[in-house]
Amino acid sequence: MNKIFETPQQALEGVLHDGMLIAAGGFGLCGIPELLIDALVESGVKDLTVASNNCGVDGFGLGKLLDTRQIKKMMSSYVGENAEFMRQYLSGELELEFNPQGTLAERMRAGGCGIPGFYTKTGVGTVIAEGKEVKNWNGQDYILEEGIFADLSIVKAWKADDTGNLVFRKTARNFNPPAAMCGKICVVEVEEIVPRGSLDPDHIHLPGIYVHRIIQGDHEKRIEQRTVRKREEAQ
Amino acid sequence: MPWDRNQMAARAAQELEDGMYVNLGIGIPTLVANYVGDKDITLQSENGMLGMGPFPFEGEEDPDLINAGKQTITELARTSYFDSATSFGMIRGGKIAAAILGAMEVAENGDLANWMIPGKLVKGMGGAMDLVAGVGRVIVVMDHQNKHGDSKVLKACTLPLTGRSVVDRIITNLGVLDVVEGGLKIVECADGVTEADLRAATEATIL
């Protein structure tokens with residue numbers, strides 16, 4: 001079975017529909033599926049619910065899908081980097097469901113593992129707990145959170161082989177594996193597709209069973225906060 | 001003289017013990033890393049890294065290597081990377097010994113508010129709720145009073161909570177307080193600050 005597609009547009013063919021739920025990997029602008037986001041913009045698919053830790057920045061990453069009003073609702077933990085997000089949210093054009101970061105990651109992981117709900121102490125006694133079932137174990141309250149079952153996962157990895165085995169690079173791994181796991185269809189963009197057998201099986205971060213379609217392309221990899229130290233500060 | 005930012009960070013660093021895995025928040029908590037001395041401390045970055053190194057030299061920034069504040073950083077010989085679900089698994093699972101965090105308000109029962117001011121721009125809680133619910137010990141480092149001179153150490157928080165009864169120790173520019181049964185206990189006063197000064201500046205019950 002061929003998983004390799006030539007372009008992001010081809011890789012998304014037949015899997016998009018209005019109102020769908022998309023899980024996206026990335027943290028800030030690190031490890032985001034920028035090529036697939038561009039292809040979503042081009043497709044015109046709309047009324048999207050997107051589960052992603054952040055929503056890009058103005059004009060880059062998922063921010064592009066805000067500019068075109070293709071997103072109806074975001075499920076995120078932090079959206080402070082995006083003025084257009086705030087404008088649409090405050091004017092009521094955009095729905096927002098805040099999730100604590102670890103709860104969001106676990107909701108994706110759980111969905112991918114066939115777990116419809118789990119209990120966590122994160123958010124107990126806060127607005128996050130409102131309306132959620134509470135259960136007590138050994139004197140500690142836990143709230144019920146639901147697994148995320150997405151229609152589509154869009155993910156960025158460093159390398160893939162043709163069977164979809166993935167290797168990520170440094171902190172660009174972040175939400176990509178759990179996002180990949182929770183989608184009915186998972187489309188991955190990578191910097192390099194390598195020959196079968198060239199990845200050490202012991203060093204695969206996500207096995208190809210989770211991956212349905214792969215594209216290779218060039219990434220801008222924009223840095224959000226460039227922080228450096230001077231060489232003379234070194235010991 | 002109350003402590004300045006660096007003195008507060010240095011005091012907070014005394015809380016850390018050799019061998020600890022620790023998560024440092026943004027702001028003054030980030031400065032704590034400068035004061036750990038010879039102690040063998042491993043810093044976690046909750047996006048998915050243990051063994052966080054210093055900022056890179058100019059020209060060596062790597063867009064694939066950032067901390068939870070989205071700043072470019074470096075790795076160390078001990079560094080490991082993992083996905084965000086695993087990262088918060090170790091937080092929720094109590095594997096991280098301590099988190100040192102900033103705060104807007106702390107209450108005498110350990111309630112913490114540090115993510116939202118109603119009516120102002122809401123950015124989100126990020127990983128703060130997971131951290132305070134999960135780590136072994138929560139240490140707050142903040143100014144004792146806000147810019148209007150009102151106590152940030154309160155009988156009850158007025159802002160939406162990040163966590164309920166989660167704070168263990170409060171380090172401010174005026175001193176160190178522990179959350180205990182029935183209120184707060186003074187552990188230490190900042191240089192030149194008397195116990196009476198600390199009590200006068202605090203709305204919360206001090207035992």
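Reply: We start with a sheet, move to a core and end at the partner chain.

This is a predicted model, in which local features need pLDDT of at least 70 and side-chain atom pairs count only at pLDDT 80 or more, while totals for chains, interfaces and linings use all residues. Residues are numbered from 1 along each chain as its sequence is written, chains are lettered from A and ligands numbered from 1 in the order in which they are written, and side-chain values use heavy atoms, with hydrogens and water left out.

First, the sheet. Chain B has an open sheet of three strands, in the order β7-β6-β9, with mixed pairing. Strands (E, at least two residues) and helices (H or I, at least four) are DSSP runs, numbered from the N terminus. Two strands pair if DSSP finds at least two bridges between them. The edges are β7 (112-113) and β9 (153-154), each pairing on one side only. Strand β6 (residues 105-107) and β7(B) run antiparallel over two bridges. There, Val106(B) sits opposite Leu112(B) of β7(B).

Now the core. Leu112(B) returns here: with Ile170(B), it touches the most other members of the largest nonpolar core, which has 56 residues. Such a core is a set of buried Ala, Val, Leu, Ile, Met, Phe, Trp, Tyr and Cys residues joined through side-chain atoms within 4.5 Å. Buried means under 20% relative accessible area (1.4 Å probe, protein chains only), exposed over 50%, and partly exposed in between. Strand β8 (residues 137-142) of chain B gives the largest share of this core, five residues. Beyond its neighbours within four places in sequence, Ile170(B) contacts Val106(B), Val140(B) and Leu184(B), among others. Contact means heavy atoms within 4.5 Å.

Next, the partner. Here 46 residues of chain B contact 51 residues of chain A. About 4300 Å² is buried between them, with 59% from carbon and sulfur atoms. Buried area is the accessible area (1.4 Å probe) that two parts lose on being put together, summed over both. On chain B, Phe57(B), Asp64(B) and Lys70(B) lose the most area to chain A, together 19% of what that side buries.

Charges meet here too. The rule finds eight salt bridges across this interface. Each is a side-chain nitrogen of Lys or Arg within 4 Å of a carboxyl oxygen of Asp or Glu. Glu61(B) forms a salt bridge with Arg226(A), with the closest N and O atoms 3.0 Å apart. On the chain B side, β4 (75-81), α3 (84-92) and α4 (128-134) each supply at least two residues that touch chain A.
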